[in-house]
Amino acid sequence: MIREIYEKIRARLLELGEIKYVDLWNRNVEFIEQEEAWARPAVFIEFEPVKWDCIESGYEYHASPRVRLHIVTDWTADASEEFDCRLSPDSASASTQEKRSGGSLDQLDLPVRIHGALTGLSGDCFCGLDLEESHTNHDHEDILDTVEVYSCDASRILG
């Protein structure tokens with residue numbers, strides 16, 4: 001089941017055409033200086049512990065596994081540089097912010113595109129992949145590690 005989820009997610013991510021590297025999570029960003037370089041944006045797939053519920057003793061099991069996608073992008077610039085602060089024509093004291101196109105904030109859109117590609121993804125052993133949580137890890141100087149947590153329904157039938 002885990003292998004099938006990994007393979008389906010990996011294939012769908014690569015179909016997007018934006019993701020340059022997909023692999024299993026192994027605390028990759030924590031030791032980035034010591035690892036062989038990988039192209040970015042990259043996605044690392046992490047599986048949280050799976051708790052199985054027995055449906056039919058020794059034969060059929062059900063679980064709701066959670067999958068964490070570590071979406072790793074380069075941190076390109078100071079996001080505040082992407083806004084122009086200008087006086088509003090309506091009021092001399094009010095200011096508005098006009099966003100410039102492109103730049104570091106565009107990397108925040110990648111998880112949204114990934115979500116669109118993965119929502120409802122299913123296979124033989126799982127169905128209904130859907131987003132549950134989003135986290136942003138700011139602990140690294142040159143990269144941004146956005147973590148998207150998905151869950152699905154899964155089954156394991158032995159026979």
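Me: Which residue in S4 does Asp 53 stand opposite?

Reply: Strands are DSSP runs of E, at least two residues long, numbered from the N terminus, and two of them pair if DSSP finds at least two bridges between them. Here, Asp 53 stands opposite His 62 in S4. Strands S3 (residues 53–56) and S4 (residues 60–63) run antiparallel, joined by 3 bridges. They form a hairpin with 3 residues between them, and Gly 58 in the turn has a positive phi of about 70°. This is a predicted model: local features need pLDDT of at least 70 and side-chain atom pairs pLDDT 80 or more, while totals for chains, interfaces and linings use all residues. Residues are numbered from 1 along each chain as its sequence is written, and side-chain values use heavy atoms, leaving out hydrogens and water.

Me: How many bridges join S4 to S9?

Reply: There are 4 bridges between S4 and S9, which run antiparallel; Tyr 61 stands opposite Arg 156 in S9.

Me: Is Cys 152 buried or exposed?

Reply: Buried means under 20% relative accessible area, exposed over 50%, and partly exposed in between (1.4 Å probe, protein chains only). Cys 152 counts as buried because its relative accessibility is 3%. Cys 125, at 28% relative accessible area, is partly exposed.

Me: How many disulfides does the structure hold?

Reply: A disulfide is a pair of cysteine sulfur atoms within 2.5 Å. The structure holds 0 disulfides. For Cys 152, the nearest cysteine sulfur belongs to Cys 127, 7.4 Å away.
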